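This report describes selected features of one protein model, namely its pockets, several individual residues and its salt bridges. Please keep the sequence and the structure in view while reading.

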Amino acid sequence: MGKHYPAISADIQAFIEQQHVFFVGTAAADGRVNISPKGQDTLRVLDANRVAWLNLTGSGNETAAHLLALNRITLMWCAFEGRPTILRLYGTATTYHPRDAEWATLLPLFPALPGARQILVVDVDLVQTSCGMAVPFLDFQANRDELNNSMDKRGPEQVAQYWHTRNTRSLDGKPTGI
C-alpha cells in the first residue's frame, strides 16, 4: 500500500539524492502521454515542496510542450539498489529558459553541462511512496558521455539551431516555448 505525504521529508530527499535516474511524466489534454528518463547531476530539492531540474537538449521537447498546454507533472524514481522503493512527486511546473531572468539564479545550482535547454521548477503537492518489490536490482556503472560530447562538439550556435529545427514543436505539433 502506498503512503502519501504533503511534503518531501529529509529521508525522501536523501533517497532522491542517491538515485542515478528519474522519470518525468506529462500529458496535454489530448495527444500522446510522454515519459522521459533523466540522468546526470540534473535535479535539486529546493525545499520541502519544490524541486528543480536542468533539462538538457534532447531529440524532442515533449515535457515543455505539455506543460504549456496543461501544467501538471509527475516525477518518479525507482530504487534499483537497496530497499525496494518507488517514489512519485506530483505537482505543477514552471519552465525557465536562458532568456528568462530566473535562469541566472537557478543555473548555478547545477554543474556546467553543455546543451542546457530549460530549468523546470516543480511545485510538489503530493509525495507518494510505494513498495517497488518488482523493480529489479541493477548496478550503476557510469553516466553516459555521448550527450555531453555531442553538445560540446556542436557548440552553442549549432545547439540553438538544433532547438529551432528539432525542439520547437512536440510530436503532436504543440509549441514548446523554446
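## The second largest pocket

The lining of the second largest pocket is made up of nine nonpolar, seven polar and four charged residues. The model is a predicted one. The volume of this second largest pocket is about 420 Å³. It is lined by 20 residues, and those closest to its centre are Phe15, Arg83, Pro84, Thr85 and Thr129.

Which elements each supply at least two residues of this lining? They are strand S1 (3-5), helix H1 (10-18) and strand S8 (116-130). H1 gives the most, with five residues.

## The largest pocket

The largest pocket has a volume of about 860 Å³. A total of 29 residues line it, and His20, Val21, Lys38, Gly39 and Arg144 are the closest to its centre. Sorted by class, the lining of the largest pocket holds 11 nonpolar, 13 polar and five charged residues.

Three elements, strand S3 (33-38), strand S5 (50-56) and helix H4 (146-166), each provide at least two residues of this lining. The most comes from S5, which gives four residues.

## Residues in and after strand S3

Asn34 is located in strand S3. Is Asn34 buried or exposed? Its relative accessibility is 16%, and the limit for a buried residue is under 20%, so Asn34 counts as buried. Leaving aside neighbours within four places in sequence, Asn34 is in contact with Val24, Gly25, Thr26, Glu62, Thr63 and His66.

Gln40 belongs to the loop between S3 and strand S4 (43-47). Although Gln40 is not a glycine, it has a positive phi of about 60°. Gln40 counts as partly exposed because its relative accessibility is 22%.

Met151 lies in helix H4. With a relative accessibility of 5%, Met151 counts as buried. When residues up to four places away in sequence are not counted, Met151 touches Thr57, Pro114, Gly115 and Val159.

Sequence separation and spatial distance can be stated together for a pair of residues. Met151 and Leu106 are 45 residues apart in sequence, and their C-alpha atoms are 21 Å apart in space.

## Salt bridges

How many salt bridges does a search of the whole structure find? The search finds four. One of them joins Asp30 to Lys174, with the closest N and O atoms 3.1 Å apart. This pair links distant parts of the chain, 144 residues apart: Asp30 is in the loop between strand S2 (22-27) and S3, while Lys174 is in the segment after H4. Asp30 is partly exposed, at a relative accessible area of 49%, whereas Lys174 is buried, at 15%.

Another salt bridge is formed by the side chains of Asp172 and Arg32, at 2.3 Å from N to O. Because Asp172 lies in the segment after H4 and Arg32 in the loop between S2 and S3, this pair ties together parts that are 140 residues apart in sequence. Asp172 is partly exposed at 26% relative accessibility, and Arg32 is partly exposed with a relative accessible area of 48%. A further salt bridge connects Asp41 with Arg44, the closest N and O atoms being 2.8 Å apart. Asp41 has a relative accessible area of 43% and is therefore partly exposed.

Methods
Residues are numbered from 1 along each chain as its sequence is written. This is a predicted model: local features need pLDDT of at least 70, side-chain atom pairs count only at pLDDT 80 or more; totals for chains, interfaces and linings use all residues. Side-chain values use heavy atoms; hydrogens and water are left out. On a 1 Å grid over the protein atoms alone, a cavity is a set of points where a 1.4 Å probe fits but cannot get out, and a pocket is an open set with protein on both sides within 12 Å along at least five of seven lines; lining residues have an atom within 4 Å of a point. Grid points are joined across faces, edges and corners, and a volume is the space filled by probe spheres set on the points. Ala, Val, Leu, Ile, Met, Phe, Trp, Tyr, Cys and Pro count as nonpolar, Asp, Glu, Lys and Arg as charged, and the others, Gly among them, as polar. Buried means under 20% relative accessible area, exposed over 50%, partly exposed in between (1.4 Å probe, protein chains only). Contact means heavy atoms within 4.5 Å.
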